Amino acid sequence: MSFRKEKKYRLSFSDLATVKKQLFQAGMIFLHPSRLINSCYFDNPELKLFHESEEGVLPRKKFRIRWYNKSNIFTEEIKISSIEGRFKYQKKILNIHKSDELFDIKIFDKLYGELIPILIISYEREYFSFNNLRITFDKNISYTFIKSISKPTFKDSECVMEVKVPIDCDDGYIENLIHLPTSRFSKYTRGCFLKNEKI
């Protein structure tokens, strides 16, 4: 298990283009091709995981099933946020062959009980490297609500840049390279808020 540190930067679409241009000029390089990421998030009926994320409870978990582009290869992920840092467990799922089958899946956790699919989040992610920082840009984020009969989809008006580094990387090193204020940007909590209002 290896902990990592994550820094998030909330951006408009125009800000994202400006920041990318500046980082390219400073030496940022492509890491590998962009791809569409799809994640189905699970929670209990009381949405305890959503509330813990919004309140910043530590430790806390997120449960999701993820697949890329239009592939039918699905991976279950448990993402854990703790005082020490963040890490995640992953395992391939062999008994799911298409995304529609996710709607009937249930996950049991000793702490949270029975978890059901709540929300599917899809977005385009670009991958870069810059002075030992792993940088990703997520844009065109959409949220689809599984529990609603009509399964409405909403678009996010903002983007997010994420910087991922080993847990022992000094914050000052990151701040000397990225001259932007950090911010919280949990796609799952933003999606849950869209049940009642637009972002």
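**View 1. Contacts across the sequence in the protein chain.** In the protein chain, 67% of the contacts with a separation of 6 or more are made by residues 24 or more positions apart. The model shown here is predicted, and of the 199 residues in its protein chain, 49% count as buried.

**View 2. The order of helices and strands.** The protein chain contains 4 helices and 10 strands, and, read from the N terminus, its elements follow one another as β-α-β-α-β-β-β-β-β-β-β-β-α-α.

**View 3. Overall dimensions of the protein chain.** Along the principal axes, the C-alpha atoms occupy a box of roughly 45 × 35 × 35 Å. The radius of gyration of the protein chain is 17 Å, which agrees with the value near 16 Å that a compact globule of 199 residues would have.

**View 4. Surface and charge.** The protein chain exposes about 10,900 Å², of which carbon and sulfur atoms supply 52%. Its side chains include 35 positive and 26 negative ones, and the centres of these two sets lie 3 Å apart.

View 5. When neighbours within four places in sequence are left aside, S99 is in contact with W67 and F74.

**View 6. S99 and M161.** These two residues stand 62 residues apart along the chain, and a distance of 27 Å separates the C-alpha atom of S99 from that of M161.

Conventions: Residues numbered from 1 in each chain as written. Predicted model: local features only at pLDDT ≥ 70, side-chain atom pairs only at ≥ 80, totals over all residues. Heavy atoms only, no water. Helix = DSSP H or I, 4+ residues; strand = E, 2+ residues; numbered from the N terminus. Rg over C-alpha atoms; globule rule 2.2 N^0.38 Å. Buried < 20%, exposed > 50% of the residue type's maximum accessible area, 1.4 Å probe, protein only. Contact = heavy atoms within 4.5 Å. Areas by Shrake-Rupley, 256 points an atom, 1.4 Å probe, with all protein chains shown as cover. Lys, Arg positive; Asp, Glu negative; His and termini not counted. Charge placed at Lys NZ, Arg CZ, Asp CG, Glu CD.
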